[in-house]
Amino acid sequence: MIELRNICKVYHTASRDIKALDHLDLTIRDSEFLALVGHSGCGKTTLLNILAGYDSFDSGIYLHDGIAVNRQTDISKSSYFRLQIGTVFQEYNLLPYLNVRDNIALGGYYRKTADSRKRVPELLKRLDLEGMGHMYPHQLSGGQKQRVAIARVLMKQPCIVLADEPTGALDVSNARNIMNIFRTLNNQGMTIVLVTHDLNIARQCGSIAVMEKGNVAVKRDLLPS
Ligand SMILES: Nc1ncnc2c1ncn2[C@@H]1O[C@H](COP(=O)(O)OP(=O)(O)OP(=O)(O)O)[C@@H](O)[C@H]1O
Ligand SMILES: [Mg+2]
């Protein structure tokens with residue numbers, strides 16, 4: 001379980017200070033599939049970046065299974081973020097000069113297990129990418145690129161996946177496909193936090209948190225449709 005308590009985050013710019021997160025509280029249960037929604041600029045990406053360890057915060061506490069991650073040593077903190085958290089982005093963030101196979105294998109880099117490359121064929125199959133291992137990102141469709149990005153995350157075997165508008169650049173059928181993959185992962189026990197502007201996508205998740213001005217205004221479970 002992840003608990004964020006009283007998180008504040010201010011961006012200091014030349015002209016003014018921007019309060020991106022304002023005493024934010026959020027609990028993410030194990031195996032939860034949480035949709036994070038809210039108006040543009042309400043702090044969704046900032047929150048995801050903090051959950052992923054990409055960004056710091058000014059005050060508050062970040063607990064994982066009751067342990068305050070932000071009070072750990074740098075080594076423990078970086079090991080937590082490297083091994084436990086996986087991220088998927090709207091723009092896929094694949095390395096353009098690596099083929100699909102190597103992009104996926106890269107996800108296992110931090111685990112440093114000698115045989116992580118052996119899992120690539122299994123992941124190609126699982127994400128319906130068989131026969132595409134030798135191709136480069138520019139040769140793939142958006143949906144295929146996002147499936148490679150998800151395969152790369154699965155290579156890492158994180159306990160939670162954070163996805164910032166993963167269907168934002170996809171057409172309806174590719175978006176549906178990606179959501180089916182996330183739902184299957186969640187049914188297998190993966191915790192997922194998914195930022196979206198699309199209420200149809202949010203409705204397919206298990207719970208929803210609505211952000212307003214740097215805080216979570218409402219969080220509730222969704223009934224299966
Ligand atoms: N690096 C930064 N420097 C300064 N201000 C920032 C930075 N990143 C975000 N902000 C500001 O913080 C606030 C929250 O931004 P954030 O990107 O988290 O919003 P968001 O909810 O993800 O929006 P969107 O739905 O448009 O992606 C905004 O006012 C934004 O301008
Ligand atoms: Mg954003």
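**Placement, pockets and cysteines in a predicted model**

Trainee: In which strand does Glu-3 have its place?

Mentor: Residues are numbered from 1 along each chain as its sequence is written, while chains are lettered from A and ligands numbered from 1 in the order in which they are written. This is a predicted model, in which local features need pLDDT of at least 70, side-chain atom pairs count only at pLDDT 80 or more, and totals for chains, interfaces and linings use all residues, and side-chain values use heavy atoms, with hydrogens and water left out. Helices (H or I, at least four residues) and strands (E, at least two) are DSSP runs numbered from the N terminus. On that basis, the run of residues 2–12 that holds Glu-3 is strand E1.

Trainee: Is Glu-3 buried or exposed?

Mentor: The term rests on relative accessible area, with buried meaning under 20%, exposed over 50%, and partly exposed in between (1.4 Å probe, protein chains only). Glu-3 has a relative accessibility of 17%, and therefore counts as buried.

Trainee: Which side chain does the side chain of Glu-3 join in a polar contact?

Mentor: Contact in general means heavy atoms within 4.5 Å, and by that test Glu-3 touches Leu-26, Thr-27, Ile-61, Tyr-62 and Leu-63, when residues up to four places away in sequence are not counted. A polar contact is a pair of N or O atoms within 3.5 Å; within protein, one must be able to donate a hydrogen and the other to accept it, and residues adjacent in sequence count only if both atoms are side-chain atoms. At 3.4 Å, the side chain of Glu-3 is joined in this way to that of Arg-5.

Trainee: Which backbone nitrogen does the side chain of Gln-144 reach?

Mentor: Gln-144 is found in helix H5, where its relative accessible area of 18% makes it buried. Apart from residues up to four places away in sequence, Gln-144 touches Leu-129 and Met-132. The backbone nitrogen reached by its side chain, at 2.8 Å, is that of Ser-141.

Trainee: What volume of space lies in the largest pocket?

Mentor: On a 1 Å grid over the protein atoms alone, a pocket is an open set of points where a 1.4 Å probe fits, with protein on both sides within 12 Å along at least five of seven lines, and lining residues have an atom within 4 Å of a point. The lining of the largest pocket has 16 residues, with Tyr-54, Ile-85, Thr-87, Tyr-110 and Lys-156 nearest its centre, and helix H2 (74–84), strand E6 (85–89) and helix H5 (142–156) each supply at least two residues. Grid points are joined across faces, edges and corners, and a volume is the space filled by probe spheres set on the points. For the largest pocket that volume is about 390 Å³.

Trainee: Which helix gives the most to the lining of the second largest pocket?

Mentor: The second largest pocket has a volume of about 210 Å³. It is lined by 14 residues, and those closest to its centre are Thr-167, Val-172, Ala-175, Asp-198 and Ile-201. Helix H6 (172–187) and helix H7 (199–202) each supply at least two of the lining residues. With three residues, the helix that gives the most is H6.

Trainee: What is the relative accessible area of Met-179?

Mentor: Met-179 has its place in helix H6. Leaving aside neighbours within four places in sequence, Met-179 is in contact with Phe-33, Thr-167, Leu-194, Ile-201, Gln-204 and Cys-205. Met-179 is buried, and its relative accessible area is 0%.

Trainee: How many disulfides does the structure hold?

Mentor: A disulfide is taken as a pair of cysteine sulfur atoms within 2.5 Å, and the structure holds none. Cys-42 is in no disulfide, since the nearest cysteine sulfur, that of Cys-205, is 16 Å away. Cys-42 is buried, with a relative accessible area of 5%, and Cys-205 is buried as well, at 6%. The number of disulfides is zero.

Trainee: What is the value of phi in Asp-128?

Mentor: Asp-128 is found in the loop between helix H4 (120–126) and H5, and at 56% relative accessibility it counts as exposed. Its phi is positive, in a residue other than glycine, and lies near 60°.
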